[in-house]
Amino acid sequence: MSQAFKKAVAGIFGYTPTPEAIFYYIYAISHSLTYRTRYAEFLKIDFPRVPLTSNDRLFRQLAAYGEELVALHLMKSLN
């Protein structure tokens with residue numbers, strides 16, 4: 001991740017989330033039916049844009065969902 005992106009995220013939340021947390025957040029967003037429906041045409045022609053929430057609680061919840069999705073897709077257990 002670029003330093004500019006890290007600074008932008010840190011400016012929103014007041015801290016820098018781990019790269020893993022950011023990955024999990026993006027993973028959750030990209031697998032959202034609402035996101036895929038809303039940006040369907042754009043996703044066909046360009047790189048996906050990821051909306052970044054300013055709500056820390058929502059960010060953490062989506063990152064947790066993303067982590068669960070990754071584990072499921074890799075057939076790993078989160079026990």
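This is a predicted model: local features need pLDDT of at least 70, side-chain atom pairs count only at pLDDT 80 or more; totals for chains, interfaces and linings use all residues.
1. Residues are numbered from 1 along each chain as its sequence is written, and side-chain values use heavy atoms, with hydrogens and water left out.

2. Now look at α5 as a whole. Its 18 residues reach 25 Å from the first C-alpha to the last, close to the 26 Å expected at 1.5 Å a residue; the expected span is 1.5 Å times one less than the number of residues. Helices (H or I, at least four residues) are DSSP runs, numbered from the N terminus. After α5 comes Met-75, whose phi is positive, near 55 degrees.

3. A side-chain oxygen of Asn-55 comes to within 2.9 Å of the backbone nitrogen of Arg-57. The backbone nitrogen of Asn-55 is in turn reached by the side chain of Thr-53, at 3.0 Å.

4. Where does Thr-53 sit? Its place is in the loop between α4 (40-45) and α5 (56-73). Thr-53 counts as buried because its relative accessible area is 15%. Leaving aside residues up to four places away in sequence, Thr-53 touches Ile-12, Phe-13, Tyr-25, Leu-58 and Phe-59, where contact means heavy atoms within 4.5 Å.

5. How many salt bridges does the structure hold? There are two, each being a side-chain nitrogen of Lys or Arg within 4 Å of a carboxyl oxygen of Asp or Glu. In one of them, Asp-56 pairs with Arg-60, and the closest N and O atoms are 2.9 Å apart. Both residues lie in α5, four residues apart, about one turn of the helix. Asp-56 is partly exposed at 26%, and Arg-60 is partly exposed at 49%.

6. Glu-41 also forms a salt bridge, with Lys-44, and there the closest N and O atoms are 3.2 Å apart. This pair lies in α4, three residues apart. An α-helix has 3.6 residues a turn, so residues three or four places apart point the same way. Glu-41 is exposed, at 55% relative accessibility, and Lys-44 is exposed at 63%.

Technical notes: Helices (H or I, at least four residues) and strands (E, at least two) are DSSP runs, numbered from the N terminus. Buried means under 20% relative accessible area, exposed over 50%, partly exposed in between (1.4 Å probe, protein chains only). A polar contact is a pair of N or O atoms within 3.5 Å; within protein, one must be able to donate a hydrogen and the other to accept it, and residues adjacent in sequence count only if both atoms are side-chain atoms.
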